[in-house]
Amino acid sequence: MWVRRAPLMQPRVRLMSAQSSSATTSSTTGSFKQTRQLAEEEKRVLDPMIRVDQSGEVNGRDKKLHPILQEIFDRLVGEMALLRPLWNIAGFAVGAGTALMDKEAAMACTEAVETVTGNHSEDHLCTIVKMAEANPDLKELGKTIAKFRDDELEHYDIAVEHDARRAPFHSVLKAVIMQGCKSAIWVAERV
């Protein structure tokens with residue numbers, strides 16, 4: 001689980017400071033040059049991460065991908081497209097359903113989704129940090145994943161600040177949505 005700061009969340013792994021995030025992001029998406037191809041074991045570990053990360057962005061914004069992410073994404077894009085209609089329907093149904101309940105329920109939905117995706121991104125980041133000992137290219141990838149994770153934390157913080165915890169049946173609503181997200185991650189990692 002996340003380490004809490006009052007009243008919002010913070011990551012366990014910090015690879016870049018807030019001041020350097022824009023400079024780091026531009027260097028990771030712009031001038032980064034990969035020094036070697038990914039090893040088969042690295043691909044085996046990274047492929048499910050990319051499936052999940054890109055499945056999760058179906059209803060989010062488009063991201064300019066780090067070159068290593070782009071390489072894996074290009075290889076997996078056909079497989080990921082199989083689930084895209086399911087993610088579109090599920091994302092719309094959960095988002096619209098909670099929005100129809102009230103603003104607090106919509107914020108509780110965001111809180112639940114961002115809790116799961118933030119924790120999942122944190123797990124990815126911990127794995128990448130360990131893998132970067134053998135492949136320095138992955139340090140830059142870790143910075144990109146850290147930026148993605150920090151975006152999720154910001155969404156979580158906004159939801160909490162906007163009364164997510166005042167939603168009717170907050171704990172039940174959050175638990176159901178979190179389980180749905182975990183199930184979607186499980187599927188995305190395997191398909």
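**A note on helix 5 and helix 7**

1. Helix 5 crosses helix 7 in a right-handed way, where right-handed means that the near helix is turned clockwise from the far one by less than a right angle, and left-handed that it is turned anticlockwise. Helices here are DSSP runs (H or I, at least four residues), strands are E runs of at least two, and both are numbered from the N terminus.

2. A word on the source: this is a predicted model, in which local features need pLDDT of at least 70, side-chain atom pairs count only at pLDDT 80 or more, and totals for chains, interfaces and linings use all residues. Residues are numbered from 1 along each chain as its sequence is written, and side-chain values use heavy atoms, with hydrogens and water left out.

3. How do the two axes meet? The axes of helix 5 (residues 103-131) and helix 7 (residues 170-190) come within 9 Å and cross at roughly 40°. Axes are lines fitted to C-alpha atoms, for helices over the stretch in contact, and angles run from 0 to 180 degrees between N-to-C directions.

4. Now the residues in contact (heavy atoms within 4.5 Å). On helix 5 they include Ala105, Cys109 and Val116, and on helix 7 they include Leu173, Ile177 and Cys181.

5. Stepping back, the chain has 7 helices and 2 strands, in the order β-β-α-α-α-α-α-α-α. Of the contacts with a separation of 6 or more, 83% join residues 24 or more positions apart.
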